[in-house]
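This report sets out the strand pairing, nonpolar cores, salt bridges and surface features of one model. Please read it alongside the sequence and coordinates.

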Amino acid sequence: MKKLILAVWIAMFGMWSAVPEAQALSCAPPRPVNEEMDTSSVVFKGTVIEIRKGGLTIFQVDRAWKGVDGPRVQIYDNGWDPYTKGADYLVFGGHREGQLRTNLCGRTGTWDPARDEAMKGAGVQPAVFQTEQAPVAGAPAEQAGRYTVVLVLAGILLVAISGIVLYRKKKKTT
C-alpha cells in the first residue's frame, strides 16, 4: 500500500512539474503594420491632452493614416495599457461595444523612432493636422458652467440654513 501511495505522489508531482506556466494576459507578437491597419478603424499619432474616467482619452492628432477627420480623437483605452497625459502615441483602434477602443495586443504604444520607421514602411501617406486648440467637451467653458451651478446651489443652501437659524433664535426669544 505504501508503494502505491508513493507511486501516486510521484506521478502527481511529475504531472504538476510538467504543466507550463500560465499568464493572465499574454499576446502574440504584433502583426505587420499593414495587417494591423487593415483590421483597425482608426490609425493615428497624437498627444494625450486629457484622460477621463472609464479610460476615455482625448488626443490632439498630429498625423492620421486612417479613420480620422479632425484634430481631436476620443478613444477608450483597452483596459491594459493606460495612457499618460502629455505623451505621444501611435494608436490603432476599432469600434467595439459601441465605442472606439484601442486594439488589444496590437501595435499601439508610445511614439518612438522604431514606430516612425514602421509607419514609413507601410507605404501609406498620413494626413497631417495643425496643432490648433479646438474646444473639447468638458473643457474650461463647460467646467465653468458646472462650477456656477455648484456655487448657486451652495448659496441657496447657505441662505436656507441662515433662515432656519434666525427663525429658531427669534422663536426662543419670544
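The sections below begin with the basis of the description and then turn to the features themselves.

## Basis of the description

The model is predicted: local features need pLDDT of at least 70, side-chain atom pairs count only at pLDDT 80 or more, and totals for chains, interfaces and linings use all residues. Residues are numbered from 1 along each chain as its sequence is written, and side-chain values use heavy atoms, with hydrogens and water left out.

## Strand 2 and its partners

Helices (H or I, at least four residues) and strands (E, at least two) are DSSP runs, numbered from the N terminus. Two strands are taken as paired if DSSP finds at least two bridges between them. Strand 2 runs antiparallel to strand 1, and eight bridges join the two. Within this pairing, Glu50 stands opposite Ile58 of strand 2. The two strands form a hairpin with four residues between them, and Gly54 in the turn has a positive phi of about 80°.

Strand 2 also pairs with strand 3 in the antiparallel sense, over five bridges. Here Ile58 stands opposite Gln74 in strand 3. This hairpin has five residues between the strands, and Gly67 takes a positive phi near 75°. A further antiparallel pairing, over two bridges, links strand 2 with strand 7 (residues 127-128); Ala127 in strand 7 is the bridge partner of Ala64.

Strand 2 is mostly covered, with eight of its 11 residues buried. Buried means under 20% relative accessible area, exposed means over 50%, and partly exposed lies in between (1.4 Å probe, protein chains only).

## Nonpolar cores

A nonpolar core is a set of buried Ala, Val, Leu, Ile, Met, Phe, Trp, Tyr and Cys residues joined through side-chain atoms within 4.5 Å. The largest core has 14 residues, of which Phe44, Phe59, Val61, Val68, Val73, Ile75 and Val91 touch the most other members. The elements that give two or more residues to this core are strand 1 (42-51), strand 2 (56-66), strand 3 (72-76) and strand 4 (88-96). A second, separate core has nine residues, including Val33, Trp65, Trp111 and Met119.

Contact is defined as heavy atoms within 4.5 Å. With neighbours within four places in sequence left aside, Val68 is in contact with Val42, Val43, Phe44, Val61, Val73 and Phe129.

## Salt bridges

Side chains of opposite charge can pair when their charged atoms come close. The structure holds eight salt bridges, a salt bridge being a side-chain nitrogen of Lys or Arg within 4 Å of a carboxyl oxygen of Asp or Glu. One of them joins Glu36 to Arg31, with the closest N and O atoms 3.3 Å apart. Glu36 is buried at 1% relative accessible area, whereas Arg31 is partly exposed at 36%.

Asp62 forms a salt bridge with Lys45, the closest N and O atoms being 3.0 Å apart. Because Asp62 lies in strand 2 and Lys45 in strand 1, this pair ties together parts that are 17 residues apart in sequence. Asp62 is partly exposed, with a relative accessible area of 24%, while Lys45 counts as buried at 9%. In another salt bridge, Lys120 meets Asp116 at 3.6 Å, N to O. Both residues lie in helix 3 (residues 113-121), four residues apart, about one turn of the helix. Lys120 is exposed at 54%, but Asp116 is buried at 17%. These two pairs belong to a network of salt bridges linking Lys45, Asp62, Arg63, Asp116, Glu117 and Lys120.

Leu157, Ile161 and Val165 make a nonpolar surface patch of about 270 Å². Patches are made of residues with over 30% relative accessible area and no salt bridge; like charges are joined within 9 Å and nonpolar side chains (Val, Leu, Ile, Met, Phe, Trp, Tyr) within 5 Å. Accessible areas come from the Shrake-Rupley method with a 1.4 Å probe, and for residues only the protein chains shown count as cover. Ile161 lies in helix 4 (residues 140-173) and is partly exposed, with a relative accessible area of 47%.

Leu104 is placed in the loop between strand 5 (99-102) and strand 6 (109-110). Leu104 counts as partly exposed at 42% relative accessibility. Its C-alpha atom is separated by 8.6 Å from that of Gly93, 11 residues apart along the chain.
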